[in-house]
Amino acid sequence: MVIEKALLDIVTEQAKDSPRMRMNYNFHQSLEEKCHRFLNAVEPGTVVPIHKHPTKDESFVILRGKVRVTTHNDDGSIIEDVVLSQESDNYGVDIPKNVWHKLESLESGSVIFECKEGPFVEHEEEGILRLQRYRLGHTDITDNTDLLIP
C-alpha cells in the first residue's frame with residue numbers, strides 16, 4: 001500500500017469528525033499482531049495524557065503538519081520537548097519502553113506514522129501519569145482519570 005496525500009486527507013477528515021480529535025488508520029490486520037503500524041491523524045485540541053508503555057518501545061515519524069512530543073519524569077516535569085515537522089528538520093522520535101510521554105498536535109492536518117510492538121493492551125491505571133494540578137510549560141495538566149489511550 002502506498003501512503004499518499006489522499007489517504008492522509010481521508011484520515012484527517014475522520015479525525016476532525018471524531019469527538020477525540022484523532023483517528024488511526026491501521027496497517028496491521030489484527031490487534032493481536034506483534035507489530036502495530038498505523039497512521040495517527042491528530043488535530044489541535046486532542047487530549048493525549050502523559051502515559052507510558054511498560055514493555056514497548058514506540059516510534060513516531062511526522063508525515064504532515066506539526067506535532068510536539070514531550071518526555072517526562074515521574075513528577076511530570078519535562079525531560080525533552082521536541083517539535084516534529086518538515087520545517088524543524090525533526091522528523092521523528094523513538095520513545096523507549098517505560099518512558100512517560102505525551103503528544104500534542106500544533107497544526108490542523110497533522111499526521112504521524114506510528115509503530116510499536118503488539119498486541120494491543122489498553123493502558124492500565126499505572127500507564128497514565130496522574131497529576132492533581134501541575135503546570136507543564138504553557139499547559140495546565142489536571143487529574144485525567146477518565147482518559148485512556150488506544
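**View 1. Ser 85 is a buried residue of the predicted model.** With a relative accessible area of 2%, Ser 85 counts as buried, since the limit for that class is under 20%; the model in which this value was computed is a predicted one. Ser 85 has its place in strand β5, and, when residues up to four places away in sequence are not counted, Ser 85 touches Ile 62, Gly 65, Lys 66, Asn 90 and Tyr 91.

**View 2. Strands β5, β4 and β7 form an open sheet.** The 3 strands of this open sheet follow the order β5-β4-β7 and pair in antiparallel fashion, with β5 and β7 (100–105) as the edge strands, each of which pairs on one side only. From one strand to the next, the twist averages 15°. Between β4 and β5, which run antiparallel, there are 7 bridges.

**View 3. The largest nonpolar core has 12 residues.** Among its members are Val 42, Val 48, Phe 60, Ile 62, Val 69, Leu 84, Ile 95 and Ile 112, and at least two residues of this core come from each of the strands β3 (58–64), β4 (66–72), β5 (78–85) and β6 (92–95).

**View 4. The surroundings of Phe 60.** Once neighbours within four places in sequence are left aside, Phe 60 is in contact with Val 69, Leu 84, Tyr 91, Gly 92, Val 93, Ile 95, His 101, Leu 103, Ile 112, Phe 113 and Glu 114.

Notes: Residues numbered from 1 in each chain as written. Predicted model: local features only at pLDDT ≥ 70, side-chain atom pairs only at ≥ 80, totals over all residues. Heavy atoms only, no water. Core = buried A, V, L, I, M, F, W, Y, C linked by side-chain atoms within 4.5 Å. Buried < 20%, exposed > 50% of the residue type's maximum accessible area, 1.4 Å probe, protein only. Helix = DSSP H or I, 4+ residues; strand = E, 2+ residues; numbered from the N terminus. Contact = heavy atoms within 4.5 Å. Pairing = 2+ DSSP bridges. Axes fitted to C-alpha atoms, helices over the stretch in contact; angles between N-to-C directions.
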